[in-house]
Amino acid sequence: MAFNIGCATVKLYFYGPTEEELSMVTTLTDAKRTAIAEKLAGMRATQNLIINNERQFLQDCRDEKVRSRIHDMLEDDEKNLKILETSIIQYGIQSEPKETVKQLVQQVEQSMGSSDLSLYEKLAQHELLKHGQVMTGLLIHKAGQVVGADIEAAIAPLNTVNFENRAHQEQLKGLLEYVGTQELTGQEPDQSIWGRMQDAMAAMTGVLGSAKTQTSDNEDADIMSLIFMDHQKAKTLMREIKNASDSQKSEEYFGQLYKDLIVHSKAEEQAVYPQVRSFYGEGDTQDLYDEQAEMESVLNQMKSLSPQSDEFHACLQQLRDMVGHHTSQEENEVFPAMRKNMSPEQREQMGAQFKEAKKQLQTEMASQM
Ligand SMILES: [Fe+2]
Ligand SMILES: [Fe+2]
């Protein structure tokens, strides 16, 4: 089915934009959102560094007590890298880490490879990195709360990463005591450190347990939950635009909505629609493409309007109706067809392809802005 682009018709009934409105044409880039994207990219670079360090520790260290703890930490960290990656894709803006973070990564890589440093000294640097990750994670949450409601949902899975990083910090403190005492005296320290580490971990796991029930880890998310999360985010953003108290806020939200919807649609067209055509039907699948083309044209029209104008709000209402119709078609018709015709493994694989497509599109978009 096709939509009427009502807001294009509305245009005829309004007088042209005022001079003030003309000077306020929407920009899609918001400095605050870009700054958060840069922090997230820094967190990803640091997480990769942390993983490489831990692999190195496992190669270099022969002490079983130390190895088994590092090994568990490495497993968590590899899983957390995937969660971080998913959170960045949901957040919607790809970025490079800040130059200073890149330099720090290089410096740490060098000192980790150096034979001048003892294991204690290397672990001490590693613990600082973990501390940095915890602080950056908290900071991103706080900043997200200030900038917009859509961000909180997108980065919710980071809670798990933050809690685990805090637990790792406790473990690393214990490891530092153990390794340091051995290096200095050749003897093992008082065995109570393992008990203390265990207690600290249990306390953290208690907090972690409650955080985990609120969010799913979705490291290898099913395609349906990924699409659903995007739909929810778009609806949140449209609500925020409608209720925004000033035009600056609407502009920020619109910039994000624009990018998210274009990326979501294109990723569906690359990774989803071609594969559902065979069981969802030629005509119905074509409708999905047509509706998305119409949504894109409304979005582009909105881009040239002032968020304060009546026309913009007419378009927004039009877009909300279109998105509501389109997403319910996907959730109520396409999803059941997917459940029936695709195995859970196929849906996970499609999820991975969808995520990859989004990431590439977001990267292209970031380089164009
Ligand atoms: Fe969709
Ligand atoms: Fe769609």
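Trainee: In which helix is Gly132 found?

Mentor: Helices (H or I, at least four residues) and strands (E, at least two) are DSSP runs, numbered from the N terminus. Gly132 is found in helix H6. Please note that this is a predicted model, in which local features need pLDDT of at least 70 and side-chain atom pairs count only at pLDDT 80 or more, while totals for chains, interfaces and linings use all residues. Residues are numbered from 1 along each chain as its sequence is written, chains are lettered from A and ligands numbered from 1 in the order in which they are written, and side-chain values use heavy atoms, with hydrogens and water left out.

Trainee: How many helices and strands does the protein have?

Mentor: The protein has 15 helices and zero strands.

Trainee: Is Gly132 buried, exposed or partly exposed?

Mentor: Buried means under 20% relative accessible area, exposed over 50%, and partly exposed in between (1.4 Å probe, protein chains only). Gly132 has a relative accessible area of 28%, so it is partly exposed. Its C-alpha atom is separated by 9.7 Å from that of Asn165, 33 residues apart along the chain. Of the 369 residues of the protein, 50% count as buried.

Trainee: What share of the contacts joins residues 24 or more positions apart?

Mentor: Contact means heavy atoms within 4.5 Å. Among contacts with a separation of 6 or more, 81% are between residues 24 or more positions apart. Pro274 lies in helix H12 (residues 273–280) and counts as partly exposed because its relative accessibility is 43%. Between Pro274 and Thr285, eleven residues apart in sequence, the C-alpha to C-alpha distance is 8.5 Å.

Trainee: How many salt bridges does a search of the whole structure find?

Mentor: A salt bridge is a side-chain nitrogen of Lys or Arg within 4 Å of a carboxyl oxygen of Asp or Glu. The search of the whole structure finds 20 salt bridges. One of them joins Arg44 and Glu85, with the closest N and O atoms 3.2 Å apart. Arg44 lies in helix H3 and Glu85 in helix H4, so this pair ties together parts that are 41 residues apart in sequence. Both Arg44 and Glu85 are buried.

Trainee: Which side chain meets Glu99 in a salt bridge?

Mentor: The partner of Glu99 is Lys102, at 3.9 Å, N to O. Both residues lie in helix H5, three residues apart, about one turn of the helix. Glu99 is partly exposed because its relative accessibility is 49%, and Lys102 is partly exposed because its relative accessibility is 31%.

Trainee: Which residue forms a salt bridge with Glu252?

Mentor: Lys249 does, the closest N and O atoms being 3.3 Å apart. Glu252 and Lys249 both lie in helix H11 (residues 247–271), three residues apart, about one turn of the helix. Glu252 counts as buried, because its relative accessibility is 6%. Salt bridges that share partners join Asp30, Lys32, Arg33, Asp150, Lys249 and Glu252 into one network.

Trainee: How far from Arg69 is the nearest side chain of opposite charge?

Mentor: Lys and Arg count as positive and Asp and Glu as negative; His and the chain ends are not counted. For Arg69, which is buried yet has no salt bridge, that side chain is Asp72, 7.1 Å away. Arg69 is found in helix H4 (residues 64–91). Not counting residues up to four places away in sequence, Arg69 touches Gln171, Leu175, Trp194, Met197 and Gln198.

Trainee: What volume does the largest pocket have, and how many residues line the pocket?

Mentor: On a 1 Å grid over the protein atoms alone, a cavity is a set of points where a 1.4 Å probe fits but cannot get out, and a pocket is an open set with protein on both sides within 12 Å along at least five of seven lines; lining residues have an atom within 4 Å of a point. Grid points are joined across faces, edges and corners, and a volume is the space filled by probe spheres set on the points. The largest pocket has a volume of about 340 Å³. Its lining has 17 residues, of which Gly42, Thr46, Val101, Leu104 and Thr136 lie nearest its centre. The largest share of that lining, six residues, comes from H6.
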